[in-house]
Amino acid sequence: MQTMQFKPYGGLAQLGPVATPIPTPGSRQILVEVAASSVNPIDWKLRGGVLRWVVGLAGFPATPCFDFAGAVKAIGAEVVDFKPGDRVFGMSPLKTQGAAAEYLALDAAYAAPVPAALDDRAAAGLPLAGMTALQALRDQGGLQAGQRALIIGAAGGVGHYAMQIAKALGAEVTGVCSTRNIELVRSLGADEVVDYTQGEPAASKPGFDVILDTVMNRPFGTWRPLLAEAGVYVSLLAKPGSWLQARTLPLYSRQRLRFTAVQPNRADLVYLAGLAQQGQLRTVIDSVYPLAELAAALGQSRTGRARGKVIVAMKAG
Ligand SMILES: NC(=O)c1ccc[n+]([C@@H]2O[C@H](COP(=O)([O-])OP(=O)(O)OC[C@H]3O[C@@H](n4cnc5c(N)ncnc54)[C@H](OP(=O)(O)O)[C@@H]3O)[C@@H](O)[C@H]2O)c1
């Protein structure tokens, strides 16, 4: 089968096609014929060595991309939830080989049935970014119906799902984006949109119960005045200095500073699939690249300007 592999840490020039044998699924694994995958910033950060201190030394050669959607081709002896032919989507765990390949063998616990409402490309965008948004808002933020949420980076991979999930949870939602993405963010259900190019977004109306920061270009102190008295600020990146702030904040405030690191699991995939099926969650597709052009797809993500998800499709169409 065709797979894309990085040899050592390095730039996108280190990425190339390799022919490898189709993997044989272990007893708890399924073999998926991958129809589509998607790119997340972790794919180019990890292979560039940026996150070496977080995830340790990834094994090389390494296949990037954690998201997949496709069809089950074979199952291990202990797998009872799936059968060959089932449409599935999911996220492979961070320390395993990725989905930028024609076939992927992974533990069945990391996959779920694709909702009929999503085609393979839309489904492939959802797992990593959607679970991150869900876990940040629901689990770290504790977002409840009737509360106010602020999503910083509302047009990005995580942010555009977060806008829709926050609405589905019953929150009043404000999104922060640039001018060109205002209409997109409105279409995701925003009650208010703040254009960060037209002034200081931190001057917005305060009192947010949850602030989800997917951009993390300003310190917590910038956003803190916008938090409600017992509000929670959730960041997707734990910078060393902010660990200390997170630990000391409860000593003098009811506000909280929390971090999230996505945990792939079937229950959350099923939850997201349910939202999609009810018409409450869709994938905005920034662009679609064939597998052979994965380096260009990673490059598009690295611009930091993607609107929704950058998709990698195994077949044209
Ligand atoms: N901890 C975890 O488990 C976890 C999981 C997923 C992602 N992450 C991290 O979270 C970050 C976001 O991931 P992603 O997939 O959402 O990235 P992404 O899709 O590349 O985000 C791109 C978006 O960021 C927006 N943006 C850039 N600067 C902005 C600003 N100053 N204010 C508001 N929006 C801005 C852009 O919109 P405009 O063009 O309108 O500016 C663009 O739509 C990355 O650093 C990623 O590594 C962490």
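Biologist: Which domains does the chain have?
Modeller: Domain 1 (2-127 + 264-313) and domain 2 (129-259), with bounds from an automatic or database domain assignment. This is a predicted model, where local features need pLDDT of at least 70, side-chain atom pairs count only at pLDDT 80 or more, and totals for chains, interfaces and linings use all residues. Residues are numbered from 1 along each chain as its sequence is written, and side-chain values use heavy atoms, leaving out hydrogens and water.

Biologist: Where is the ligand, and why there?
Modeller: Both domain 1 and domain 2 give residues to the shell around the ligand, so the ligand lies between them.

Biologist: Which residues come nearest to the ligand?
Modeller: Lys45, Ser178, Tyr196, Val262 and Ala306, out of 27 residues around the ligand (a heavy atom within 4 Å).

Biologist: And what is the shell made of by class?
Modeller: The shell has 13 nonpolar, eleven polar and three charged residues. Gly counts as polar in that scheme.

Biologist: Which polar backbone atom is 2.7 Å from a ligand oxygen?
Modeller: One of Val262. A backbone N or O atom of Leu236 lies 2.8 Å from a ligand nitrogen, and a polar backbone atom of Gly156 is 3.4 Å from a ligand oxygen. The cut-off for such N or O pairs is 3.5 Å.

Biologist: How much of the ligand does the protein cover?
Modeller: 87% of the 930 Å² of accessible area that the ligand has on its own, by the Shrake-Rupley method with a 1.4 Å probe.

Biologist: Back to the domains. How many residues are in contact?
Modeller: 24 residues of domain 1 with 22 of domain 2, contact being heavy atoms within 4.5 Å.

Conventions:
Polar contact = N/O pair within 3.5 Å; in protein donor to acceptor, adjacent residues only side chain to side chain.
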